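Reader: Hi! Could you walk me through this one? I have it open in my viewer.

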Amino acid sequence: MGIEIPFDVANIGGPEAGGVAPPEVIGSYISSASRPLLVVGSELLRDGFFLDIAIGIGKKGIPLAATGHSIKGFVEKGYMENVYYYNLHELTNCLRDPNWKGLDGAGNYDFVIFYGIIYYYASQMLSCLKNFATDPLMRTVSIDRYYHPNARMSFTNIMPRMEEEYKEMLNKLVESIKG
Amino acid sequence: MEELKKGGIFTISDMSNVRINIGEVVEEEEEWEPMGPHPMPRIATLRNWDFKLLNRYKPFYAPVCDMCCLCTYGKCDLTGNKKGACGIRMDAQQARIVLLACLVGCSAHCGHGRHLLHDMINKFGRDVPIDFGPEVDIEAPLTRLVCGIKPKTIGDYDRVFSYIEEQIVQLADALHTGQEGSYMDFESKALHMGMLDSLNKEAADVIQIACYKLPSGFPGDGPDVPFVDVGIGTINTNNAVIIVIGHNVPPAADIGVYLTENGLDDKVELGGICCTAIDTTRVYHKAKIVSALGRQLRVLRAGIADVVVTDEQCIRADVLELCQRVHSPMIATNDKAMHGLVDRTDDDPDKIVDDLVSGRVPGVIILEPDQVGEVAVRTALEMDKKRRSLKFILSDDEFNYYVNDCILCGGCTLACPNGLPIGEANKSAAAGNIKPLADLFDICVGCGRCEQVCKKHIPIVDVMTKAAYPQLKEEKGRMRIGRGPIWDSEIREVGAPLVLGTIPGIIAPIGCGNYPNGTKDAWLIVKEFAERNYIVTLTGCMAIDCALWKDEDGKTIYEAHHGGFGGGGVMNIGSCVSNAHIHGAAIKVASIFAGRPLRGNYEEIADYILSRVGACGVAWGAMSQKAASIATGFNRLGVPAVVGPHGVKYRRAFMSRPDIKEDWKLIDASDGSEVYVEPGPQDLLVACETVEEALPMMAKLCFRPSDTDRGRSVKLTHYIDLNQKYLKTYPPDWHLFVRVASDLPLATRDVLLKKLEDEQDWKIDWKKKKIEAGPIRAYNPSFNPTNLERLIRGRK
């Protein structure tokens, strides 16, 4: 893990800031979850590749909460296997409650992966989970191209000119998640 | 004895050393309505109502900062809902910060209103009548509702502001270390502050309407108010140009008067930014609206102003520096925003003008509004001659130099609130394609943080403005001037269809321009709902921003729709303070249509609105503390609001849990029975990530338990259709809102019944086309929903 500045430079919450990690480490961390959830947002729709990555993770058995208007991409792609529409604010409101029944009625999740969500919106929701989803502890990671101090782990900041490198990181991440 | 009057002094004969000062003369009040249970509520008076709201719409916190640094015990790390040294937990600390934000917002409106009252009493006297013409009988619904006062003259607002000011101080007191410790009670206080804020706004607008004869309920007002030009391209820079910025209109009104009285209307352009712009056009119809708040920096940097006049609120803190950069003298007119200038109130206007024009001073303060007009106009005329040869838009060579100088370090993107890819747009421009850079202009919120971190000192704002300049020159929109109050006669017309649901709702786009993706979203929100026969009431920056865009026929949204408070109407209600009339419209529905008593009866009216009036605010670019208190004021009255993604930085939301059945228990006031209902409205404050998600969300938040089956079918039609249009799917929760087959849209009833049978396991009698089992509750047309036991009329 290294040290990075937040993607929005002033977004410094406090003493507990998450670390930067490479895709293989995050993939391995995700694999350690017993009940993970992938939460995706509308930035996913900017390129079909990113949607395919989400579907790739979904096919490894991790359910997807499609927030914002990202559900549109899954409908158009014809992949609705384990995809549920949810407003991110409302979803986070449920995630903070250990008694929530989950999207499938089988209970709350122990691990949440944020992906394709507007930076500051994701950051605030991660802040809620960091501060209030603590008993039992909910682990969080971001696999966006931003450093997210409110997630326990995320990638480093990746500028738009580094798009191809980012795509390669995502490919490695999917490969490293054990299905 | 002498006549008793306020401020009078009299002595009693034969009694030495006795002199009596008259503080207040209480006149016998007209018995216009029996007083309700809660006139001038104090902090704890409406706490039970607040807790009803807060127990269903539980506060949700997303801290921006995990620490507290308000006292010397700290800094304290509250991460993980830990307690600080004083004992406060993270959740309560967040609620405390929310209360602080609402305090700041409410104080801004209160300070504005009080300031306005002082100025108006000085100018016109205390006895200016509050007469809004034949169409408006309930002139001040919030004043009647909260204070139990029916104001007859502007002087009556002294009592109203005294009440608000006392409450604000008590609420501010609760913020101190060692006071409140419960997040629920902090939130109850924030709701109280929000209610006071709504009252402030109404007071301010009622006073300025009465004194300046702004549009209200006379012929030619209301739906028929005139149009005004909007946009940077509408400013005729061949004339001298005065730009007013802020929210308090008297100085700008004086400029209008001076122009008219001196025959200078056609020689000087009076344009405005933000709410002062809206209110100036209500006073002086030749004024123009240059832009909303989001473009303030760029309008100033473009150098079109020969003079800048500021009053209060939403003025950039670096306004003087910006003015100096383009040689625009600045006149500050309000003691709350003096910017280090010298107070020249009552100085000889000749000397002030000479000092400003010569450049001896960059600006002055003039605190007497009626002295501003002459100085501003004369200075503008002189400066126009001096500044005519100056160019502030970059030359082609300068532009090319800067875009080629960019090293793509990404610093600007990290500094940008929207994370815009500025470097990549520069790179495209360097290669000859300026479109990506020009396209960023509208998405940019105009903060200027990017420039401060640019390692190559590129004036990014100017570079972006240059790229977009061809479009900016043609930016010419139109909007109606602020109409002020909704007419009582309009409420009589739409009360029934609104409560029954056949007009599917009131959508109220309000507030600032901190949008995630530019001003066009504001236009899309208005267009989508107006075309679906919702009533759309706008105020403030969203009212301005949506006027910048045109349909395929070249019409702005205001030109394409009528301006009445009816289905399909698109109304500019006015500036931020005017959005109290949106509260007022909902209150009038309860009062005029349903005959509910108004006076000092906040709780009952809020309960009525929450259960029956399908209204939803949208503050898509909410930015300020005022927006926090405005939304909180709407929430206490039972009106939900949707905010854009930046709105999550307010830290707190109010969202329910439809899956927790007990949270959705209402009372049928007809017989006292308890009824489990569908989640309508599901949230009181919620953020959406994109406008595509927000549109169906707004439609959802218009469901109310009181909807008739016909009304519910209309609302369901739009909810499902908006989901299919923007999310390409059915909403996952649409079935929750179905009580009976006739709730379903006729055109798709069979399809929807089949989906209910297949996907929700509901029992359908296909011969009778009836739902036999499945819904949360059966449809009862006489259901009289309430949250208040005291309103039960009879027991089963």
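**A helix to start with**

Author: Happy to, and bear in mind that this is a predicted model. Helix 6 of chain A, residues 163-176, has 14 residues and reaches 20 Å from its first C-alpha to its last, close to the 20 Å expected at 1.5 Å a residue.

Reader: Nice. Which residues in helix 6 of chain A are buried?

Author: Leu170(A), Leu173(A) and Val174(A) are buried there. Seen down the axis of helix 6 of chain A, the buried residues fall within an arc of 95 degrees, so they line one face of the helix.

Reader: What do the buried residues of helix 6 of chain A pack against?

Author: They pack against helix 1 (23-31) and helix 2 (48-58) of chain A.

Reader: I clicked on Ala33(A) while looking around. Where is Ala33(A) found?

Author: Ala33(A) sits in the loop between helix 1 and strand 2 (36-40) of chain A. Ala33(A) has 17 other C-beta atoms within 10 Å, which makes this residue partly exposed.

Reader: Leaving aside neighbours within four places in sequence, what is Ala33(A) in contact with?

Author: With those neighbours set aside, Ala33(A) is in contact with Asp110(A), Phe111(A) and Arg139(A). There is also Val112(A), 79 residues apart from Ala33(A) in sequence and 9.1 Å apart in space, C-alpha to C-alpha.

Reader: Let's zoom out. How many helices and strands are there in chain A?

Author: Chain A has six helices and seven strands, and along the sequence they follow the pattern β-α-β-α-β-α-β-α-β-α-β-β-α. The radius of gyration of chain A is 15 Å, close to the 16 Å that the globule rule gives for 179 residues, so chain A is as compact as a globular protein of that length. Buried residues make up 56% of the 179 residues.

Reader: And what about chain B, how many helices and strands are there?

Author: Chain B has 27 helices and 26 strands. Its radius of gyration is 27 Å, close to the 28 Å that the globule rule gives for 796 residues, so chain B is as compact as a globular protein of that length. The C-alpha trace of chain B spans about 95 × 85 × 60 Å along its principal axes.

Reader: Which residues in the largest nonpolar core touch the most other members?

Author: That core has 315 residues, and Ile207(B), Ile242(B), Val526(B), Val618(B) and Val642(B) touch the most other members. Helix 5 of chain B, residues 183-212, gives the most to this core, with 15 residues. As for Ile242(B), the contacts beyond four places in sequence include Ile255(B), Val268(B), Leu270(B) and Ala376(B).

Reader: Last topic: how many residues of chain B are in contact with chain A?

Author: 41 residues of chain B are in contact with 42 residues of chain A. On the chain B side, the elements giving two or more residues are strand 3 (58-61), helix 13 (411-415), strand 20 (652-655), strand 23 (683-687) and helix 25 (691-700). The residues on that side divide into 23 nonpolar, nine polar and nine charged.

Methods. Residues are numbered from 1 along each chain as its sequence is written. Chains are lettered from A and ligands numbered from 1 in the order in which they are written. This is a predicted model: local features need pLDDT of at least 70, side-chain atom pairs count only at pLDDT 80 or more; totals for chains, interfaces and linings use all residues. Two residues are in contact if their C-beta atoms, placed from the backbone, lie within 7 Å. Helices (H or I, at least four residues) and strands (E, at least two) are DSSP runs, numbered from the N terminus. Ala, Val, Leu, Ile, Met, Phe, Trp, Tyr, Cys and Pro count as nonpolar, Asp, Glu, Lys and Arg as charged, and the others, Gly among them, as polar. The radius of gyration is taken over C-alpha atoms; the globule rule is 2.2 Å times the number of residues to the power 0.38. A nonpolar core is a set of buried Ala, Val, Leu, Ile, Met, Phe, Trp, Tyr and Cys residues joined through C-beta atoms within 7 Å. A residue is buried if 20 or more other C-beta atoms lie within 10 Å of its own, exposed if 12 or fewer, and partly exposed in between; C-beta atoms are placed from the backbone. The expected span of a helix is 1.5 Å times one less than its number of residues. The arc is that of the directions from the helix axis to the C-beta atoms.
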